[in-house]
Amino acid sequence: MSAATAGVPSGSAATGSEPVADHQQPRIDVTTEGDTVVLAVVARLDEAAGGALLDAATAALDHRPSRIDVDLRALDSFTDAGARALVGCRDLGARLPEGLHYRTGRGPGREALLAAYTDAPATFTGR
């Protein structure tokens with residue numbers, strides 16, 4: 001799998017003759033680092049971006065990586081609906097030998113991760 005962007009149609013740059021939407025298309029940058037697939041959420045993690053993230057994680061499973069990393073360091077904002085997708089990604093990552101990992105720093109990425117797991121039930125895989 002090479003570098004790609006999920007959820008962004010090609011040629012989506014706005015021109016002077018096209019109306020500009022109030023919100024951006026969800027952007028999930030997909031790259032590989034060895035046998036790890038990295039899904040970077042860019043700008044906003046809302047319900048649409050959460051859906052795009054889950055779609056990208058599901059597609060990544062087809063490539064049989066050892067693990068998936070969800071990178072939240074480029075996140076500017078999130079909604080509760082978007083943050084819930086992070087728990088869904090964890091469930092998908094449970095199928096992988098090294099599971100799913102999150103990359104965060106200070107700010108919205110960390111806050112989104114904490115919000116995602118505030119009410120999420122803990123699961124034990126029994127390894």
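Mentor: One term before you start: a residue is called exposed when its relative accessible area is over 50%, and buried when that area is under 20%. Also keep in mind that this is a predicted model.
Trainee: Fine. On the other side of α3, which residues are exposed?
Mentor: Leu114 and Thr118 are exposed there.
Trainee: And which residues of helix α3 are buried?
Mentor: Helix α3 runs over residues 108-118, and Gly109, Ala112, Leu113 and Ala116 are buried in it. Those four lie on the same side of α3, because they cover an arc of only 100 degrees around the axis.
Trainee: Why do residues three or four places apart point the same way?
Mentor: An α-helix has 3.6 residues a turn, so such residues end up pointing the same way.
Trainee: Changing topic, salt bridges. How many are there?
Mentor: The count comes to seven.
Trainee: Which residues are linked in a network?
Mentor: Glu33, Arg67, Asp69 and Arg103 are linked by salt bridges into a network.
Trainee: Take arginine 67 and aspartate 69. How far apart are the closest N and O atoms?
Mentor: They are 2.7 Å apart in that salt bridge. Arginine 67 is partly exposed, because its relative accessibility is 21%, whereas aspartate 69 is buried, with a relative accessible area of 1%.
Trainee: What about arginine 103 with aspartate 69?
Mentor: Their side chains form a salt bridge at 2.9 Å, N to O. This pair links distant parts of the chain, since arginine 103 sits in strand β7 and aspartate 69 in strand β5 (residues 67-71), 34 residues apart. Arginine 103 and aspartate 69 are both buried.
Trainee: Which residue does arginine 90 meet in a salt bridge?
Mentor: Arginine 90 meets aspartate 91, with 3.2 Å from N to O. Aspartate 91 counts as partly exposed, at 43% relative accessibility.
Trainee: Last one, alanine 60. Where is it?
Mentor: Alanine 60 is in helix α1, which covers residues 47-61.
Trainee: Is alanine 60 buried or exposed?
Mentor: Alanine 60 is buried, because its relative accessibility is 0%.
Trainee: And how far is its C-alpha atom from that of valine 38?
Mentor: The two C-alpha atoms are separated by 9.1 Å, and alanine 60 and valine 38 are 22 residues apart along the chain.

Key. Residues are numbered from 1 along each chain as its sequence is written. This is a predicted model: local features need pLDDT of at least 70, side-chain atom pairs count only at pLDDT 80 or more; totals for chains, interfaces and linings use all residues. Side-chain values use heavy atoms; hydrogens and water are left out. Buried means under 20% relative accessible area, exposed over 50%, partly exposed in between (1.4 Å probe, protein chains only). Helices (H or I, at least four residues) and strands (E, at least two) are DSSP runs, numbered from the N terminus. The arc is that of the directions from the helix axis to the C-beta atoms. A salt bridge is a side-chain nitrogen of Lys or Arg within 4 Å of a carboxyl oxygen of Asp or Glu.
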